[in-house]
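Please keep the sequence and the three-dimensional view at hand while reading.

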Amino acid sequence: MKMRIVVVGAGVAGGIIASALRLPGIELICLEASGEDDHVHAGNGLNIGPNALRALDITMPEVGAALREVSLPWRRWIARAADGAEIYCTPLAEVADRMGIRIRWSELYRAVRAGARDRIRFHTSFAGMQRQDDGRCKIVTRRGPDGVTAILDDVDLVIACDGRYSALRAEHCGTPVPRHLGVTNFRALVDDGGAIEVDDMEQWYNGPRRLIAFRLPDGLIYVSGNLPIAPEGGTPEQYKNPAFLRTAYTDGCARPDPRLDALSAVFSAQASTFHWARAQEIPARFHDVSRRVLYVGDAAHAMCPTIGQGATQAIEDAASLVALAREADAQRRLDPAVLCGAFANLRAKRVGFVKELSWDASDTLLFGADPIAGNLEKAGPAFKEKLRELYNDVPLGRDRIRAALAHISVH
């Protein structure tokens with residue numbers, strides 16, 4: 001009898017799992033509330049770290065190749081003052097054995113879902129879960145826009161890839177209590193017609209206010225702005241004012257970097273369209289007590305976005321689960337409890353390290369921060385060593401996969 005798996009969410013992690021988790025002993029169905037061409041967050045871009053590419057190159061190189069085809073290389077970390085003076089520049093070649101990438105969300109989704117068209121049920125959302133007498137699960141689905149419900153029964157394992165506000169995690173483990181950093185963020189795309197001299201990643205600091213920008217393959221510039229707030233407070237209305245945003249990153253600077261000034265003029269005119277989000281993290285949790293529900297990506301461990309590890313860790317998670325399932329199958333131990341326990345074994349320490357690094361690296365974004373001193377520290381050997389661990393120590397070697405599976409019992 002095949003193990004029946006339901007993946008909830010065909011985002012970054014869900015798309016990879018649905019594409020790559022193909023074993024004779026598995027039947028997999030993936031639920032996705034959006035349409036095939038809706039591409040949630042398609043209007044924005046993101047950077048993906050070298051560690052995600054390493055994970056893909058080890059487990060599913062065809063996906064890594066597909067992502068590189070529709071992206072631009074990300075080659076450096078750089079920080080500047082508002083006048084353009086360089087504070088530090090760390091080429092990724094100093095701390096990683098491959099580059100990261102700059103990509104549109106729409107292209108990322110298209111690439112990770114490409115191998116799963118036969119498994120994804122679009123316009124179909126998770127509507128609830130019930131336990132069967134034998135311990136397996138019944139999944140209630142709802143198909144939109146007509147809202148027709150259906151039941152998927154005899155489900156051995158449910159994989160929650162439904163984001164930081166995971167309905168599955170809230171239903172079965174309680175809603176996680178977030179820890180707020182004290183930073184709010186907006187994202188935008190700038191169509192400059194190629195006039196502004198921005199290509200690879202740029203960061204400008206004006207006090208603790210940070211603006212990130214980089215160009216995407218279609219020629220648009222992705223902009224992400226950070227502003228400090230009270231840790232338990234919301235985004236002040238003042239921050240959303242176009243006049244405030246026009247000078248938020250140049251105020252007090254006698255001669256701002258002309259590129260920063262030009263970007264500020266364009267993105268501030270779009271302020272009414274911005275989505276604002278507070279930087280936060282949630283406690284990591286990888287499965288429920290029954291070991292029938294597995295949490296992946298932001299559903300498991302949403303973290304501060306400061307060093308760009310959100311989608312990157314979702315990719316690591318997905319690659320790790322695929323590698324564990326392949327090895328468990330080879331050992332004839334393909335079982336929900338085994339996969340849940342081994343996934344937690346493999347990911348807990350790694351995720352803890354990345355979450356802590358992401359939080360600690362946010363010190364320059366807080367009220368009262370000294371971004372010059374803080375960024376100079378990030379140019380030092382201690383922080384570079386942490387970046388080397390981040391980008392290179394991806395726990396996907398066969399010995400580590402086998403060690404994660406060892407001593408996992410089936411209850």
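Helix α4, which spans residues 105-113, is mostly covered, with 7 of its 9 residues buried. The model discussed here is a predicted one.

**Helix α4**

- The buried residues of α4 are W105, S106, L108, Y109, A111, V112 and R113.
- A residue counts as buried when its relative accessible area is under 20%.

**Overall form**

- The protein contains 13 helices and 18 strands.
- Its radius of gyration is 22 Å, close to the 22 Å given by the globule rule for 411 residues, so the protein is as compact as a globular protein of that length.
- Taken along the principal axes, the box filled by the C-alpha atoms is roughly 70 × 50 × 40 Å.
- Buried residues make up 57% of the 411 residues of the protein.

**Nonpolar cores**

- In soluble globular proteins, nonpolar side chains tend to be buried together.
- The largest nonpolar core in this model has 81 residues, and I17, I139 and I159 have the most contacts inside it.
- Helix α9, residues 310-330, gives the most to this core, contributing 11 residues.
- When residues up to four places away in sequence are not counted, I139 touches V6, L31, F126, G128, M129, A150, I151, L152, V155 and V158.
- There is also a second, separate core of 32 residues, which includes A79, Y205, C304 and L390.

**A buried asparagine**

- Residue N226 is found in strand β16, which covers residues 221-228.
- Is N226 buried or exposed? The relative accessible area of N226 is 4%, so this residue is buried.
- Apart from its neighbours within four places in sequence, N226 is in contact with V183, T184, N185, R209, R210, Y249 and L365.

**The cavity**

- Rolling a probe the size of a water molecule over the atoms shows where empty space is left.
- The structure holds 1 cavity of 30 Å³ or more.
- The largest cavity has a volume of about 100 Å³.
- A total of 13 residues line the largest cavity, and those nearest its centre are W77, Y88, Q203, I307 and K378.
- Sorted by class, the lining of the largest cavity has 7 nonpolar, 4 polar and 2 charged residues.

**The second largest pocket**

- The second largest pocket holds about 220 Å³ of space.
- The lining of this pocket is formed by N345, L346, K349, R350, F353, E389, D393, P395, R400, A403 and A404.
- The elements that give two or more residues to the lining are α10 (336-360) and α13 (398-405).
- Which element supplies the largest share of the lining of the second largest pocket? That share, 5 residues, comes from α10.
- By class, the lining of this pocket has 5 nonpolar, 1 polar and 5 charged residues.

How values were computed. Residues numbered from 1 in each chain as written. Predicted model: local features only at pLDDT ≥ 70, side-chain atom pairs only at ≥ 80, totals over all residues. Heavy atoms only, no water. 1 Å grid on protein atoms, 1.4 Å probe; cavity = no way out; pocket = protein on both sides within 12 Å on 5 of 7 lines; lining within 4 Å. Points joined across faces, edges and corners; volume = space filled by probe spheres on them. Nonpolar A, V, L, I, M, F, W, Y, C, P; charged D, E, K, R; others polar. Core = buried A, V, L, I, M, F, W, Y, C linked by side-chain atoms within 4.5 Å. Buried < 20%, exposed > 50% of the residue type's maximum accessible area, 1.4 Å probe, protein only. Helix = DSSP H or I, 4+ residues; strand = E, 2+ residues; numbered from the N terminus. Contact = heavy atoms within 4.5 Å. Rg over C-alpha atoms; globule rule 2.2 N^0.38 Å.
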